[in-house]
Every structure is written in C-alpha cells, then in structure tokens.
Amino acid sequence: MEHQDSMPAPAACSASPSTVATDPWILVRRESELSGAAQEESLFALANGNLGVRAGLEEGDSPTQGSFLAGVWERTPIEYHERFPGFAAHTDTRVPVADATRIHLRLGDTPVRLEDGQWLDFSRQLDLRTGMYRRHLRWRSPDGFTLDIHAERVVSLGVPGLLGIRYRVTSVDYEGPITLESAISTARDAVEQGHDPRIGARLDGGLVNTDTFAEEEISWIGQKTTHSDIRVICAQGHIVLDGSLAFRHAALVPHGVMQMYDGMLMPGSSVAIEKFAAYSWTQPGDCEPHAELYARAEDTLRQGLNNGFPALLARQSAELDHLWRDADIAIDGDVESEQALRFNLFHVFQSSSRDGNGSTAAKGLTGEGYEGHYFWDAEIFMLPVLATLSPTLARSMLSYRYRTLDRSRLHARELNHPRGALYAWRTISGDECSAYFPGGSAQYHINAAVAWAIRLYVDASGDTDFMRDHGAEMLFETARVWLDVGHFNARRAGAFCIHEVTGPDEYSALVHNNHYTNRMAQKHLRDAADTAAWMAGAAPVQYAQLRERIGLSDDEIDLWRKAADAMYLPVDDKLGIFPQDDNFLELPRLQVQAEETKRPLLLRLHPMTIYRHQVCKQADTVLALMLAGEDVDADAKRRNLEYYEGVTIHDSTLSASTFGVVAAEVGQVGKAYRYFQDTLRVDLDDSHGNAAHGIHMAAMAGSWLAFSWGFGGLRVIDGKPSLVPRLPAAWNGYRFGVRWGDALLRMTVSRDGVRYRLGRGDSLDFLHNGNPVRLLAGEELHLPRADARESNADAKAVIFDLDGVIADTAVVHLAAWKQLAEELGVPFTMTTAERLKGVDRMGSLEIILEGSKKSYTSEEKTVLADRKNAYYVERIQHFGPQDLLPGARDAVESVRAAGLKTALASASRNAPTLLDRMGIAHLFDYVVDAATIEHSKPDPEIFLAAARGVDIAPALCIGVEDAVAGVAGIKAAGMFAIGIGDPTELAQADTVLPGLQSFAINDFVRQHDPLPASLQAGTIHTTT
C-alpha cells in the first residue's frame, strides 16, 4: 500500500460535487461555509479506543469541538426528591479534556477569523485506508488576501494518547508576516442535557487545571476531575517542516498554553509544521506520582517527534491494512454503499477499547451524546462485528465486563438479589448510571447480552482460555439472577415466567414475560449449564476453585437447565406470533401522525402515555429471533416480522438493522435492502437529527450485521459459522471476509452463485445453505445462493404486468393524460408522470386534478376519465406486434413451454384489446384488468385475482412489474417479485432485470438438489 508522505501542493478550487465520482475509500464533503459544522465534526472525528478528537478547524473556536479520553470521566450525584432503596446514586459522565488541535493564525498583527472572510472552497476528506483526516480551505480575508490552508490529522491506533497534525498555509496573493499560534485549550465545558436525555446530564464538578508549563520544546497542561479522582496531562511539541518559520516564544494564556512561530509569506510560498500532542491519565483514585504521569506523556510525545508525521501515517496505514484485508468489502454496482459500509466499520473499529479498561460507547469517542456511557448494544451490535473481524478488540470489550464484575455483584445486591451479578444498563465505571429505573435497571436482558457475546466470541476465536479464566465466572454469576426474577408458575403449567422487566423496546416498561428477555435468558441458562459441564471436563482444577469461590452447587446448575426447558414462550393462537409480553397485544395501537415521526416519542409524550399503547421504539421480539431464533421456522419469523413492522416506529437507530437481517432470512431481500440502507446512512444523512452529538456506533455496526448477517446469512450453529447468501436486486454482487479461529473465509456472491476460498488457515468446516462443507487451503468452492432456491421453489404461474413490461403503452397513457391536463389548464410535470405509473384510471385522474383550482363531482370525473380513455383508444388503434417490447413474446412463450400458467394483471381497462392487437392474447390463460377489481396497485387485489383465475396459490406465483406500486402489490400478495427497470427504484423486488430480453424462466424455476456427496464435510479434495 502506498502512502503520501508530504503535504499535497496547493490546488485550485475543487470541482463541483456533481462532477466528482465517489471514491469507495475516501469520504468527501465540500462546503462553501461552516454549515452543519457540528455534524461534520462527528463524521470526521478520529479515535483509537482511548483518545477521540472531533474534526473542528484548527484555526476556529467551535463550541462543539472537543477531545475525549475514554478513561476520563466525572462522577455526579443523582438528586431525587423521593429516593427509594437501590436507586442509582450517581452518574458517570465522560468530560472533554484539554484540546490540542488549536493553531490560530495572524497576518501581521491581524488575527485570522475565518467567519469574517470569504470561503472560496472548503472540503473535508477521511481516507479510510490510512485513517487520516484532511481538509482544505481557500479563504479570502476582509482585506482581499487569499490563503490556502491544508491540514492533516491522525490519532494513532498503535500509540494510545497520541495525536499528530500536519499543517500548511500557502499564500495565493498575500505578502507579509504570518504567525502560527499553536495551543492546548481547556476552554470547553461538558454539554448540559437541556430537554434531550440523549445528550448528557447535569454535571457537578468536571476537570480543573492543576498546573501548566510552556517552553520551546514542550508545553503541557495538567488537569484533575473533582470527584472521580482522575488526573490527566496533555503535552505538545512541534517539528518545523519548511518555509521561513522560526520559534518566537511559549506562553501561558487564559485556558491553556501556547507556542508561537513567526514566518514570512510570498505569493506561492508556504509555511508548515507538524504538531504532536500526547495524553497520559490515571485510573480513578490511582496515586501514580506526578513525575511518572508526566514521563508517560513525554514518552508518548517523543514517539511522535522522533519519528515524524510520515512514520505515524505509515504505521496507521499498516494497522488498518489488517482490518481491510480481512474484511475484504466490495459491492459490485453500488459504490456509495460500499463506501458507507467501510466508513461505518472504520468508526466502530477506531472507537473500540484496546486495553480492557473500557468498551465501545454508544457514540464512540466522537461526541458527548449519552455521556460516553456503555450500553447492552456494545455486546449485541458492536461485538459481533469485531468477533469475526478483529477478535482482540472483542476480547478487550469482554475483559472490561470481567473487570467490572464486582461492581455488577454490588448492583445485584442493590436490587435485593442475594447472589449473582447484574450488569448496569448504562455505565462507565460499572455502576448503574440511570436515574429512571423502569427504563434502566429493569433491563435485565443486559446479563443475557453479555452471556451471548461471550459465547459468540469464544466460538469465533477459539479462545477457550478466556472462557476458563473469565467467561465462565461471568456466565455463572449472571445466570443466577434469572432464578430471582422468575419462577415456575403453577398457573401456567409450571412454565418458567420472568416478571417486571423491560426489554429492548423501552416504550414498554416493567412487563411480565417479555419475549426477548425470556428467549435470551433461556439461551443464557443453557449455555451456563453447558459451560459448567465443559469446564468440569476440560479444566477440573480451575472449575473446582471457581465453584468454591462463588458457592456454586450442582443443584443450582440443574435448576438452570430446568428453567431453560420450562421457559414461557407462548404463541398467540389468532395471530400466530410471539406476544412481546403478557399484555402487549391487549393494548390499543398508538396513532402517530406522519409529520410527528421526525421527533422520537420520548421527547413528545409522557412515558405513561407511551406505555399504555401498542407501540415499539425498536426491534424487540424480532431481535430475539435474530439472536436466538434457531429453533423458530421461517414462516413464524415472517409472521412476527410483518406484525411488529406495523407497530414499530424505529425511534432507535438500533432497530432497522435487526428488521433487515430477519427480512433477509425469511426471503424478503428487497425489504432487507431498504432496512440496510436505513441503518447504513443514519449518520451520513443525519436521519435522526442528532449526529452533531456524536455518531451512532450500534447503527454503524448494525449496517455490517445487515450486510453479513442479513445478505450473507451469517449465524453460528453448534459452534460453527453458517452462511445462507442472498443477493439484493440492486447489486451485481458483493464480497466480505469472516475470521473464524485461525482461518479467514472469503465469500464472493454474484448472480452466478457463491464462491468460497480461504485467505488464511489450512481448513474450515462451515455450513452453506444448511449443508456441511469443509474447505481446504488452495481450494475454491462454487455453490448456489440461498435465494436461487427460494426465488420460486415450486412456482406454477407467472403473472405479467402490461404497461412497461409487455408493451410501452405508458407513453400513450401519458400523452392522453397530458392532453386532458392541458385542456383543463392543469400543470403536467415529470413528477406527475412518475406518480401515474401503475395507477388505475380513476386514481390517475385524482392525481391530475390535484393541480386544479376547480372541484369536480363524481359524475364530472367519470366524464373526464372517459374523455382521457377516448384519447388513449384513438392512439392505440395502430398498435400491433411491432409494439411489443424486446423479449416480451419470447418470455411469455417460454413460461408456457415450461408448463407454467400465464396471467396478465394490468391497471388498463384496454388490456384485452391491446393483447389482441399485438397478437399475443392466446398466450395468456387469464387476464385481469381494472374493470374487474375495486382497489388499484399497490393493493394486492389484482395479483390475487390473477392467481385465482389460473387456480394457483399466490405463494407459487411469480409477478413481473415495472412500477414501484406494482412490485409492492406483488409482495403484498405473497409472491416472488421480478422488477423490470432501475434496481435502485425497484429495491423491494426480489430481483430486477433491465427488460424481458433478460428473462429466462429456468433462472426462476430451476430446482437445486442438496449438495452432492463430493461437497459434504470431510470429502472435498479438489473443486472449482
């Protein structure tokens, strides 16, 4: 991999965004002013698991610019008017530390204030291969002088606490002195919560300056928290690169320290420096001598100063090269999604702790949202990504949980559990930080999340040492609590019921038998019992010691199995779904107006109002099916998915990815693609309106799950990876890698099937489409995709649309509608034309009349519709076989030759006439037009009527459509959908073709037999 070791030469103003192709490795944002600066500071933030630096401008003083250390937080007492036993006593808040990004400019004696000048060109770039953030500003001063400012920044992944900046100022037409004032600033306080609980809480105390020092070589600031007793040092030093710069002096200034460099600029000349900043910090209450704390900061700083920015960048690139080589991401046909997926993965990777002292916060290290707290989504969303791409980071997350196990034991006692451990819902130190216990401490499923993550990590990594030394103890202690919050209910035939808990859906609190909690607890209890049996055989000495230390008996382990086997997981007889909890289906649905969906319910309604309704913030039962639904059949998953879609408003960014994974699993790949796009671009498009407070790590990780777990079908079955690959219609193909033990499995999915090979390792046993496979080094397997089987299975009929599929009558319809609109004095635009696609005659008339100032009676509308139809009939008088679209006749004939029924479902009342004129009426067994139905597309009525007409069940029919409304109708009818046209527009379709000339019926009805014996595990020797 090549690296750029010097600052790029000044360039002319950048091209318009519309003329620049997307680079899948570089995120670029171009602006003419500082609009949306806070969101951009989050998107382009850099981190290394310990240090996070937002992407504010070096010359500016943005109130939202900040630097953070994962291990530096303040403790604030929680004040209650009425406090009850066990309520959380305090909250931990990660606070901004001294910020060393500042480099202010002076031209002569005049300070450069960017807001006072003209922004001629401004761009930010994040290079995902090198981990470098760069930005360029061409700026014209109020006096008319023009400067080019280039800055590059790296937060070292290999050296905790090290920030490097390379900074250059080039004169376009300025001649005179310039001063660079490089500073460490403490002029920044933590953001107060206000009316949004997602941002932060009231802060008592914070960081105070303890000492400062400034000299030519090194300047530094010491800080200390008021209550949590954490000390920090930030030091900075510089390398002058070129130009006329010379050190002037160092000084203590209000809120910090400064080192100043003077130089001269001429048109075309530059001045440049490399700036390095280093942080060291203590653990809470650590009595490390100040001299040693300073020595650690200086040692870190020297690593930057002695090696320089090019070496730091090269090391950063090498660190990231491991990630990108293993992830092996590519999407054929969608470079924007490929870039976004890499962007999201980069942020999860860089924000995850590497030292076992922390986890991955909800906003990573990119902002102050959620106070820097860790939640259960670290284990459920972030850890699965890392377990199969960077297992050392997954281990670090779990090591943090083990380090806080004693705090979790204390938390269990606060909630009156005599033994066991309960992990905090939101925390930094390990203590519960939520003052609202129905939405916080009541989320007992955090224990199951940690247990689930331990099992996934050990299966994926093969790290049984971690299970023996740490994981087993966490599993056992957290499993114990389930027997306290649940009981064997004699009123329900001895089923094990769990009471007064809150599931992932925080819009339902303190419920009985939350399905997610019960299902995950069942998995947890079984795994704890299985782990006890494994440890007794594999590590009997350590097992005996652990049992004695925590007082674990055989009877207790037996009770875990009994509770798991008796777990209460009812199915509603009427709906055929799992009730989210005992009372959920009894509640009325909450009616939410479309214009109200931009703000989450939690900011608009009292919690009690929300709790009284059947409404979900996020995936709950559906999430249980994703994580622990291996014993639930596909039809049941589909019913649950479709039901809970109707009551889930996705106020949480965690939600879309889960719905996408399950949609893909049940064969609804078009729907999965839409959910994937939702979670993929949460922050890039700021769809939830709060990226300014930091970006959403779980949503970013969720996009990888929607990709690899959804389309790739990745799961773990009996400790082995299982893959069930599917291909979205919008893509030509994709690929990714999975680390499993010592092996790296590379999977490439295309329209031709799936290819597997090992990028590392001697062999790997895994499942493909449910069949066991053994892959050896040097071999490549080519196997069918899952959706190649699912697409049609035993299809018996194909139902074609007419307009845009068989013949291009749409242009004739549009001409007739346009003629009518002109006569009525109504505007007819391209948007209007697009809306008419797939809509019946009266529905189309209503769209036309939206632009009319006059009101029409029903009788008048009928007259207008007949007039339009007359125009249309007049135009189609000359239609014949020559007007069939390419491939149309061959496609219909091939369906009949394959022994399948054919039907037509057209919104046109003239469909029979058109078929006759084009000479293909005899090729259709049944024709349905708008005259015989009540509801137009996207209602499924017309497709269901066609299925009845040919006497074939809807599930055994394939629908072919070119309109979004038509595809939606096909899917609503329960049929396989083939789209004709733009894959992006028709993303809900199961597959998309450019036209019927690409249609081959054998692609959709071919049956795939089970894998031949030569491909079964243990028998493969050579395959291609």
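**Reading a predicted model, feature by feature**

Biologist: Where in the chain is Ala493 found?

Modeller: Ala493 is in the loop between strand 20 (486-489) and strand 21 (495-498). Strands are DSSP runs of E with at least two residues, helices are runs of H or I with at least four, and both are numbered from the N terminus. The model is predicted: local features need pLDDT of at least 70 and side-chain atom pairs count only at pLDDT 80 or more, while totals for chains, interfaces and linings use all residues. Residues are numbered from 1 along each chain as its sequence is written, and side-chain values use heavy atoms, with hydrogens and water left out.

Biologist: What is the phi of Ala493, and is the residue buried or exposed?

Modeller: Its phi is positive, about 55°, although Ala493 is not a glycine. Buried means under 20% relative accessible area, exposed means over 50%, and partly exposed is in between, using a 1.4 Å probe and protein chains only. Ala493 counts as exposed because its relative accessibility is 80%. Asp229 also has a positive phi, near 60°. Asp229 is found in the loop between strand 14 (219-225) and strand 15 (231-242), and at 30% relative accessibility it is partly exposed.

Biologist: How do I read strand pairing, and which strands pair with strand 17?

Modeller: Strands of a sheet pair through backbone hydrogen bonds, either parallel or antiparallel. Here two strands count as paired if DSSP finds at least two bridges between them. Strand 17 (residues 256-265) is joined to strand 12 (residues 176-185) by ten bridges, and the two run antiparallel. Within that pairing, Ser182 stands opposite Gln259. Strand 17 also pairs with strand 16 (residues 246-253), in the antiparallel sense, over seven bridges. Leu252 stands opposite Val257 there.

Biologist: How many residues lie between strand 16 and strand 17?

Modeller: Two residues separate them, and the strands form a hairpin. His255, in the turn, has a positive phi of about 65°. Strand 17 is mostly covered, with eight of its ten residues buried.

Biologist: Which strands are joined to strand 8?

Modeller: Strand 1 (residues 26-31) is joined to strand 8 by six bridges, and strand 9 (residues 132-140) by nine. Both pairings are antiparallel. Ile26 stands opposite Asp127 in strand 8, and Asp121 stands opposite Arg138 in strand 9. The hairpin of strand 8 and strand 9 has four residues between the strands, and Gly131 takes a positive phi near 75°. Eight of the ten residues of strand 8 (residues 118-127) are buried, so the strand is largely enclosed by the rest of the structure.

Biologist: How should I read a helix, and how far does helix 3 reach?

Modeller: The expected span is 1.5 Å times one less than the number of residues. Helix 3 (residues 335-351) has 17 residues and reaches 24 Å from its first C-alpha to its last, close to the 24 Å expected. Helix 3 is largely enclosed by the rest of the structure because 15 of its 17 residues are buried.

Biologist: How many aromatic pairs does the structure hold?

Modeller: It holds 37. Rings of Phe, Tyr and Trp (its six-membered ring) pair if their centres lie within 6.5 Å; planes under 30 degrees apart are stacked, over 60 edge-to-face, and the rest tilted. Trp119 and Phe122 form an edge-to-face pair, 4.9 Å centre to centre with 80° between the planes. Trp119 is buried, with a relative accessible area of 12%, and Phe122 is buried at 0%.

Biologist: Which residue lies over the face of Phe349?

Modeller: A charge sits over a ring if NZ of Lys or CZ of Arg is within 6 Å of the ring centre and within 35 degrees of the ring normal. Arg354 lies over the face of Phe349, at 4.7 Å from the ring centre. Lys562 lies over the face of Phe488, at 4.9 Å.

Biologist: How many cavities of 30 Å³ or more does the structure hold?

Modeller: Rolling a probe the size of a water molecule over the atoms shows where empty space is left. On a 1 Å grid over the protein atoms alone, a cavity is a set of points where a 1.4 Å probe fits but cannot get out, and lining residues have an atom within 4 Å of a point. Grid points are joined across faces, edges and corners, and the volume is the space filled by probe spheres set on them. The structure holds six cavities of 30 Å³ or more.

Technical notes. 1 Å grid on protein atoms, 1.4 Å probe; cavity = no way out; pocket = protein on both sides within 12 Å on 5 of 7 lines; lining within 4 Å.
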